[in-house]
Amino acid sequence: MNTTTTERTAFVLAGGGSFGSIQVGMLRALVAHGVMADLVVGTSVGAINGAYFAGDPTATGVARLEALWRRLRRRDVFPLSLPRLGAFFSRSPALGDPSGLRRIIERELPYRDLESAAIPIHICAAELLSGGSVCLSSGPAVDAILASSAVPAVFPPVSIDGVMLIDGAIASNTPITMAIELGATRLIVLPTGFACALETPPTSTIASALHALNLLIAHQMVRDLAHVAGRANVVTVPPLCPLAVSPYDFSRADELIERAAKTTTVWLESGGLDEHAIPHALLPHD
């Protein structure tokens, strides 16, 4: 719980493809433990989870998000068609079609504009041309989430106010500095981790891209956590380890939610909120 009346707690949610289900288990445990957020900062799948959570930051809201993840399938998020596969031989900027993801967000998100969320939600995207980080705090929520989730070559860039935006991982997938700049005095970072226990390398184009992106995310997070060490009150929820699932595999959401809820509960009950070390599972390992 917030310890002072002046403390502002931010939940910072990283990206990670289907590993977003891990964050849902973390959120369940945090809310059950009485940990509340004053604002949320999210990127990529963390923007999706963060936006849903900001709309209803209660146990009931998390339960609805759980239900969504449990029925989600890869074809809902990454529908590939013959015309899209033809992108290999055309001038199309992406293989995937974001219309499925757009429909899910439009149907499930309980508000239209970011500023209408129950608590402030800030979404991190990256400028396509410069790679600079962009913070989206107002305007159409669906467009902001799709921009933050536009994995290069997988989904096309999204134009907002004339600026072409792509997945926030390209700039800073764990916008820790952004949360501090937004006035947060206490950061609780929810990483997704990476697949450290796969027996064979990913075989498909998108699976390979998402696996590489998750490795980038973990490295960025370690760098950012080291950068702010001693300058801010930052705690990081340990991600799952070992993890032998592809971030392109949405069929294991049930398992990942339950594992994350259990390990996060154990971490909280053992005083995790007072620990500021970088979790071992974020460091390079196998």
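Author: A crossing is left-handed if the near helix is turned anticlockwise from the far one by less than a right angle, and right-handed if clockwise. The model here is predicted, so local features need pLDDT of at least 70 and side-chain atom pairs pLDDT 80 or more, while totals for chains, interfaces and linings use all residues. Residues are numbered from 1 along each chain as its sequence is written, and side-chain values use heavy atoms, without hydrogens and water.

Reader: At what angle do helix 2 and helix 3 pack?

Author: Axes are lines fitted to C-alpha atoms, for helices over the stretch in contact, with angles from 0 to 180 degrees between N-to-C directions. Helix 2 (residues 45-55) and helix 3 (residues 59-71) pack at about 140 degrees, and their axes are 9 Å apart. Helices (H or I, at least four residues) and strands (E, at least two) are DSSP runs, numbered from the N terminus. Helix 2 and helix 3 are therefore oblique to each other (under 35 degrees is roughly parallel, over 145 roughly antiparallel, 65 to 115 roughly perpendicular, the rest oblique). The crossing of this pair, helix 2 with helix 3, is right-handed.

Reader: Which residues in helix 2 meet which residues in helix 3?

Author: From helix 2, V45, N49, Y52 and F53 are in contact (heavy atoms within 4.5 Å) with V62, L65, L68 and W69 of helix 3. Seven residues of this contact are nonpolar, one is polar and none is charged (Ala, Val, Leu, Ile, Met, Phe, Trp, Tyr, Cys and Pro are nonpolar, Asp, Glu, Lys and Arg charged, the others, Gly among them, polar).

Reader: How do helix 1 and helix 11 cross?

Author: The axes of helix 1 (residues 20-32) and helix 11 come within 7 Å and cross at roughly 40 degrees. Helix 1 is therefore oblique to helix 11. In this right-handed crossing, helix 1 contributes S21, I22, V24, G25, M26, R28, A29 and L30, and helix 11 contributes A253, L256, I257, E258, A260, A261, T264, T265 and L268. By class, the contact of helix 1 with helix 11 holds eleven nonpolar, four polar and two charged residues.

Reader: Where do S44 and D161 lie?

Author: Most residues other than glycine have a negative phi, and most peptide bonds are trans. In S44, however, phi is near 55 degrees, a positive value, and D161 likewise has a positive phi near 55 degrees. S44 lies in the loop between strand 2 (39-43) and helix 2, whereas D161 is in the loop between strand 5 (158-160) and strand 6 (163-167). S44 is buried at 8% relative accessible area, but D161 is exposed at 79% (buried is under 20%, exposed over 50%, partly exposed in between; 1.4 Å probe, protein chains only).

Reader: What does the side chain of S148 reach?

Author: The side chain of S148 reaches the backbone nitrogen of S44 at 2.7 Å. S148 belongs to helix 7 (residues 141-148) and is buried at 0% relative accessibility. Beyond four places in sequence, S148 contacts G42, T43, S44, A47, I123, C124, A125, I166, D167 and G168.

Reader: Which peptide bond is cis?

Author: The bond from C241 to P242 is cis, with omega near 0 degrees. P242 is in the loop between strand 8 and helix 11, and P239 is found in the loop between strand 8 (233-236) and helix 11 (253-269).

Reader: Is P239 buried or exposed?

Author: P239 is buried, at 8% relative accessible area. Not counting residues up to four places away in sequence, P239 touches M26, P191, T192, G193, P279, A281 and L282. P239 and A260 are 21 residues apart in sequence, with their C-alpha atoms 7.5 Å apart.

Methods. A polar contact is a pair of N or O atoms within 3.5 Å; within protein, one must be able to donate a hydrogen and the other to accept it, and residues adjacent in sequence count only if both atoms are side-chain atoms.
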